[in-house]
Amino acid sequence: MASERADELYRALIERRYPKELCSEIAYKYLNTDYTATRMLGYLYRMTEPPAVEVVVDEMIAILSDREQLIKKKESEHAQAVISEIYRDGL
C-alpha cells in the first residue's frame with residue numbers, strides 16, 4: 001500500500017508529462033516514504049519548467065543519498081549512546 005505522499009508524487013510527475021513507467025518507479029519503488037516523496041515534491045514544485053528526465057533522476061539519487069547518510073548518522077548516534085551508557089553504568 002503506497003503512502004498518500006507517494007501517490008501525490010506520482011500524480012505530480014504524471015502532470016509534468018514524464019513517462020508512466022518512470023513515474024511509477026520513482027514514486028512507488030525508490031521514493032516511497034513520506035520523507036523522500038516530500039523532498040521530491042518540494043523540488044518539483046520549486047521548478048517553473050519541468051526539468052529533464054536526467055535531472056529528475058539525479059535529484060532522486062541525491063535524495064536517496066541524503067536519506068542514507070541520515071540513517072547512518074542516527075545509527076552512529078544510537079551506538080555512541082549505548083557505549084556511553086556502558087561506560088557510565090558498566091555492564
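Predicted model: local features only at pLDDT ≥ 70, side-chain atom pairs only at ≥ 80, totals over all residues.
A residue counts as buried here when its relative accessible area is under 20%, as exposed when it is over 50%, and as partly exposed in between (1.4 Å probe, protein chains only). Numbering starts from 1 along each chain as its sequence is written, and side-chain values use heavy atoms, with hydrogens and water left out.

**Overall layout**
- The protein chain has 4 helices and 0 strands, with helices taken as DSSP runs of H or I of at least four residues and strands as E runs of at least two, numbered from the N terminus.
- Its radius of gyration, taken over C-alpha atoms, is 18 Å, well over the 12 Å from the globule rule (2.2 Å times the number of residues to the power 0.38), so the chain is more spread out than a compact globule.
- The C-alpha trace spans about 60 × 25 × 20 Å along its principal axes.

**A look at helix α2**
- In α2 (residues 20-30), the buried residues are Leu22, Cys23, Ile26 and Ala27.
- These four cover an arc of only 115 degrees around the axis (going by directions from the helix axis to the C-beta atoms), which puts them on the same side of α2.
- Over on the other side of α2, Lys20 and Glu21 are exposed.
- Cover for the buried residues of α2 includes α1 (4-15) and α4 (53-89), where contact means heavy atoms within 4.5 Å.
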